[in-house]
Amino acid sequence: MASTEQTIPQAPRGPRLRARDALVVVGLAVLLLVLFEGESIRDAGEEMQPGVGRDVVLAVGKPAGWVGDLLPFDEAADGVLGWLSPDDDLAGTGFEEPGATTREGAVPAVTPDSFDPQELGAKPNPPRALDTVLVTGDSLSQPLDVELARELAADAGDDVRTRREPHIGTGVSKSGFVDWGKLSSQQVKELSPEATVVFIGANEGFPMPGGGGEVECCGPEWAAEYAARVRRMMSTYRQGGEGRVYWLTLPLPRDRERQEIARAVNAAIEVAAVPYRSQVRVLDMTEVFTPDGRYRDTMAVDGKERIVREPDGIHLNSEGAGLAAEIVRAALRRDFGR
Amino acid sequence: MVFPSLEFAIFFPLVLAISWALMPRQRLWKPFVLAASYLFYGAANPRFCVLLALVTLANQVGALAVHRTPDERRRRLVTGVTVAVNLAVLAVFKYYGFFTEDFDRLLDSIGLGLPLPLLTIALPIGLSFYIFQAISYVVDVKRGLLEPAPTLDLAIYLSFFPHVVAGPIVRAREFLPQLTSPRDPRDVAVGAGVVLIALGLVKKVAIADYLARTVVDPVFGVPEAYAAPDVALASYAYAAQIYCDFSGYTDIAIGVALLMGFVFPQNFRAPYRATSFREFWRRWHITLSRYLRDLLYIPLGGSRGGRLATARNLMITMTLGGLWHGAAWGFVLWGALHGAGLVLERGLRGRFDAPAWLRWAVVFHLVCLGWILFRSRDLDLAGSFLSRLVEPGPATLWSVPAVAAVVTVIGLQLLPERPLERLRERVAELSPLALGPGLAGVIAVVGATVPSQAVPPFIYFQF
């Protein structure tokens with residue numbers, strides 16, 4: 001081989017140790033992290049999407065969590081480092097608190113809130129003037145949030161504030177790190193948005209507590225539990241009738257297994273909104289992007305065929321998000337007149 | 001798989017231990033490292049491994065054909081065909097959408113359209129990096145700087161997990177010789193590697209992601225909603241973010257490779273202290289700029305053909321360098337801006353002698369202007385962003401941590417380099433019993449700053 005050795009880059013200056021020392025350093029770091037962060041490793045594993053990666057992380061995380069449970073170090077680390085966290089503690093059991101889920105037995109009351117006045121030809125109650133729009137959800141809410149915010153900024157200038165709060169990797173059916181029951185209450189408390197746009201559902205399908213055990217996706221029991229959680233969020237966002245909620249259904253993903261989850265999620269959203277038709281608008285993205293339940297990457301936009309989905313077959317790209325934003329914008333105009 | 005993830009935290013200690021255990025037995029070590037690298041690369045999408053394997057085989061066939069052909073014209077032809085195959089792969093996966101959508105839109109506006117079918121093609125992670133490395137292999141063989149490597153070595157070179165996803169762009173003649181004999185287990189830069197990994201994590205997770213979350217993403221998302229003070233802060237914050245994001249990745253990659261016994265070239269050297277564009281490109285993404293110099297600028301004629309030809313070569317090199325980053329007009333304009341800066345600088349050399357601080361201020365702000373084009377991607381957004389730079393209004397995003405992060409990242413680069421280097425070396429001299437807890441402490445602290453949304457991917461993953 002011609003002129004080899006001199007072409008190898010120079011290592012940074014510093015002492016040279018043995019490979020064994022490298023293993024000692026990495027091994028020590030791993031050991032300390034297991035002792036101090038064992039529970040976090042297990043929790044993170046449980047939040048991951050099903051697959052080999054999750055299995056591997058849990059294979060380490062479960063024993064690490066067990067060690068963490070036995071020792072007081074995890075709590076000590078949380079106490080020392082907790083102030084660095086950019087979020088409030090959003091993990092928890094918000095959905096499991098009383099009133100979170102449907103209770104069997106009693107016949108639920110039907111209230112006027114169950115009816116959209118426009119459908120009945122009645123005059124709708126005027127909402128508050130539009131000041132703050134919250135756009136939230138998981139990764140699906142991006143870039144919808146940006147597209148909508150730019151449209152609102154162009155139309156309404158500084159009069160309407162758009163708050164974008166995507167929580168990537170979260171889901172309604174998992175609450176280890178982010179409990180949407182808790183998060184939605186916090187968002188409303190902080191912002192009191194007149195309009196809340198929710199687009200969530202890329203990370204669903206997790207088993208949820210229900211019926212005395214765990215309910216697996218995606219039968220009627222799972223959908224009922226999911227609907228109960230969504231209804232609780234809708235109830236929070238509608239703020240006793242003061243706010244309007246725009247909940248987008250899921251365009252079907254390309255993957256067949258994910259389609260099964262998306263169908264259950266969409267059915268649950270429709271059912272969840274029933275008592276609040278007066279304030280909650282379910283915006284049907286399924287029919288817009290995947291009519292007749294068939295996935296497609298492209299569709300006609302303004303007479304030209306355009307790509308509307310990301311290559312992952314789950315998310316909308318900018319073009320698709322722009323289209324979704326127009327639908328949300330039209331619904332906002334209907335309710336708020338601007 | 002990304003470096004700051006639980007999967008990698010499990011993967012790396014196992015691979016490191018097995019790698020050193022097998023190192024003396026190269027027949028076992030090489031297949032093991034190849035398998036580990038493909039596992040790392042395929043974690044996101046196993047189908048991408050097929051493309052990586054095909055690129056490896058195609059380039060090996062090309063390199064062997066070049067090596068066996070005595071006739072210079074035929075060698076040049078075979079090299080050209082192999083490079084063209086590489087570029088075709090890049091074109092299909094990276095630029096097809098750009099040409100069918102953006103180019104079609106452009107032609108449509110003047111009454112012409114492209115009847116090309118629209119396809120959503122997933123961009124394999126790291127494609128631009130390993131394609132460039134593959135080209136470097138064939139070209140080095142053609143130039144006689146390297147003999148064709150065994151296929152297994154080439155496969156390891158292209159897929160080696162520390163650099164497969166986002167570089168640094170290690171040239172074939174820098175890496176392949178390191179595979180000819182086992183790495184010496186008594187000569188491992190453990191301290192330097194650990195310091196780089198820790199520094200990279202801090203840069204990426206604690207600084208870059210924080211600035212993105214609190215300043216850059218909100219303003220670049222909807223510039224119309226912000227006035228001049230916030231927009232100005234966002235442009236400086238993006239300069240700090242992209243430096244910390246990319247150099248943070250590179251630091252981790254180089255550190256991980258050092259622990260495995262391999263040495264990668266340096267990729268960043270305080271780029272924001274540059275007082276000229278030329279100097280900037282000797283400090284920013286060094287492995288890309290020397291690659292473009294050696295494999296594009298010099299073959300185009302470099303500075304050998306007079307002032308106009310040099311200017312043309314610089315503009316072509318930098319504009320294509322911009323396009324390498326992605327299929328968007330913002331990248332093309334970013335490259336063209338740097339090309340124009342280099343041309344202008346050459347033209348003014350010897351005629352205009354400005355003080356160093358003024359040259360620094362001009363270059364730094366032009367670099368920041370370039371980052372606005374780079375981040376905006378589409379020209380509408382860049383236009384909105386720039387127009388808001390003169391819009392009076394309140395500073396809503398200025399906070400002590402955000403301003404401190406920007407000032408620290410940029411300010412540290414303006415300080416004398418040697419004392420900072422010395423500080424790093426002093427930390428690297430600590431004993432393994434101190435380095436281990438130190439690394440764990442950094443991971444725990446950095447991990448505590450991760451928001452509920454998890455760590456976003458590195459910016460350069462998409463390239």
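**Entry 1. Contact between the chains**

I began with the interface of this predicted model: 61 residues of chain B are in contact with 65 residues of chain A. I then listed the elements of chain B that each supply at least two residues of the side touching chain A, and found α1, α4, α7 (172-175), α8 (190-221), α9 (228-260), α17 (417-428) and α18 (432-448). Of these, α18(B) gives the largest share, ten residues.

**Entry 2. Chain B as a whole**

I looked up the secondary structure of chain B and found 18 helices and zero strands. I compared its radius of gyration with the value for a compact globule of 463 residues, which would be near 23 Å; chain B has 23 Å, in agreement with that rule. Along the principal axes, the C-alpha atoms of chain B fill a box of roughly 65 × 60 × 50 Å. I noted that 48% of the 463 residues of chain B count as buried. I also took the contacts in chain B between residues at least 6 apart in sequence, and 75% of them join residues at least 24 apart.

**Entry 3. The two domains of chain B**

I recorded the division of chain B into domain 1 (6-179) and domain 2 (190-451). Their C-alpha centres lie 25 Å apart. The contact between them takes 21 residues from domain 1 of chain B and 17 residues from domain 2 of chain B. On the side of domain 1 that touches domain 2, I found that α1 (6-22), α4 (72-109) and α5 (127-142) of chain B each supply at least two residues. The largest share of that side, five residues, comes from α5(B). By class, I counted twelve nonpolar, seven polar and two charged residues on the side of domain 1 of chain B that touches domain 2 of chain B.

**Entry 4. G97(B)**

I located G97(B) in helix α4 of chain B.

**Entry 5**

I turned to chain A and traced an open sheet of five strands in the order β2-β1-β3-β6-β7, with parallel pairing. At the edges stand β2 (161-166) and β7 (280-283) of chain A, each with a single partner strand, so one side of each has no neighbour in the sheet. The twist averages 15° from one strand to the next. Within the sheet, I followed β3 (residues 195-199) and β6 (residues 244-248) of chain A, which pair in the parallel sense over four bridges. There A195(A) stands opposite R244(A) in β6(A).

I then examined two helices that lie across strands of chain A. Helix α5 (residues 180-191) lies across β1 (132-137) and β2 of chain A, at about 160° to β1(A). Helix α7 (residues 256-273) lies across β6 and β7 of chain A, at about 160° to β7(A).

**Entry 6. A321(A)**

I placed A321(A) in helix α9 (residues 318-336) of chain A. A321(A) counts as buried because it has 23 C-beta neighbours inside 10 Å. Leaving aside neighbours within four places in sequence, I found A321(A) in contact with P143(A), L144(A), E147(A) and L316(A). For one of these, L144(A), I noted a separation of 177 residues in sequence and 4.7 Å in space from A321(A), C-alpha to C-alpha.

Definitions and conventions: Residues numbered from 1 in each chain as written. Chains lettered and ligands numbered in written order. Predicted model: local features only at pLDDT ≥ 70, side-chain atom pairs only at ≥ 80, totals over all residues. Domains from an automatic or database assignment. Contact = placed C-beta atoms within 7 Å. Nonpolar A, V, L, I, M, F, W, Y, C, P; charged D, E, K, R; others polar. Rg over C-alpha atoms; globule rule 2.2 N^0.38 Å. Buried ≥ 20, exposed ≤ 12 C-beta atoms within 10 Å, placed from the backbone. Pairing = 2+ DSSP bridges. Axes fitted to C-alpha atoms, helices over the stretch in contact; angles between N-to-C directions.
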